[in-house]
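User: I have a model open and a few things to ask about it. Can you walk me through some side chains and a helix?

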Amino acid sequence: MLKKIISNIPNTITCLSLVCGCIATIMSFNYDTVFWFGLKGYEWAYILIGIAALCDFLDGAAARALHAYSALGKELDSLSDLVSFGVAPGMLIYNTLLSVSESGLISYLAILIPVMGELRLARFNIDDRQTTSFLGLPIPANAIFWIGACASIHNYGYPGDILMTALLVIVPLLMVTTGLRMFSLKFKNFNLRENIYRYLILIVAAVLIAVAGVAGLAWTIIAYILLSLIAGARTL
């Protein structure tokens, strides 16, 4: 019995990530409603997607520590990621655009986020080339970008339909491209030479968030993409 309970700890954490993604989606549709601690719905969506990302990291760490890998856990992880990092950020940007865009039609482009996310996850599950690095933008990084983008709109104003249309097409497509190899953010050890790009992105993220707040998350993902391109070029 104890062994069965322990083996299901990673799956429980994965389900918690899914719960956070579902509630984040609900909060997105209560966009300007003030909830607990004086925070609005969209701000709670930021927080809940962030907690889901933490759970996504912890379920894998728990599976490795407890030697509790399973085919069920892999499927649960993908389904949870689709909701928490595809549907939730998609609905967040959808509701953001409804509140700021002159044309309500552009908001429907947000549907590309979960659609491309689904294609990415399905491909990831059957692609043995993505064990130590990724082909295309990981779906959690996609979610983090859109949190930063929404915060940027609130902090600095709406950049216009043309730029947002470009972002809503390009960023989701980056999840399914096979021409962009992204380094994994997971540390296998703390050797500086082996993890130089991981340390760099942590430093860049800290600086950008300190300067721009939550909006700095979008620039962090852009920096992640650029560093991945540099890392890829150096291995050619």
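User: Is R129 buried, exposed or partly exposed?
Analyst: R129 is partly exposed, with a relative accessible area of 47%. Buried means under 20% relative accessible area, exposed over 50%, and partly exposed in between, using a 1.4 Å probe and protein chains only. This is a predicted model, where local features need pLDDT of at least 70, side-chain atom pairs count only at pLDDT 80 or more, and totals for chains, interfaces and linings use all residues. Residues are numbered from 1 along each chain as its sequence is written, and side-chain values use heavy atoms, with hydrogens and water left out.

User: Which side chain does R129 meet in a salt bridge?
Analyst: That of D127, at 3.0 Å, N to O. A salt bridge here is a side-chain nitrogen of Lys or Arg within 4 Å of a carboxyl oxygen of Asp or Glu. D127 is buried, at 12% relative accessible area.

User: How many salt bridges in the whole structure?
Analyst: The search finds 1.

User: Switching to α8. Which of its residues are buried?
Analyst: Y197, R198, I201, A205 and A212. They lie on the same side of α8, because they cover an arc of only 95 degrees around the axis, taken from the directions from the helix axis to the C-beta atoms.

User: And what is exposed on the face turned away?
Analyst: That face of α8 carries I203, A210 and V211.

User: What does T220 touch?
Analyst: Leaving out residues up to four places away in sequence, T220 touches I201, A205 and L208, with contact meaning heavy atoms within 4.5 Å. T220 is in helix α9, residues 216–234, and counts as buried at 9% relative accessibility.

Key:
Helices (H or I, at least four residues) and strands (E, at least two) are DSSP runs, numbered from the N terminus.
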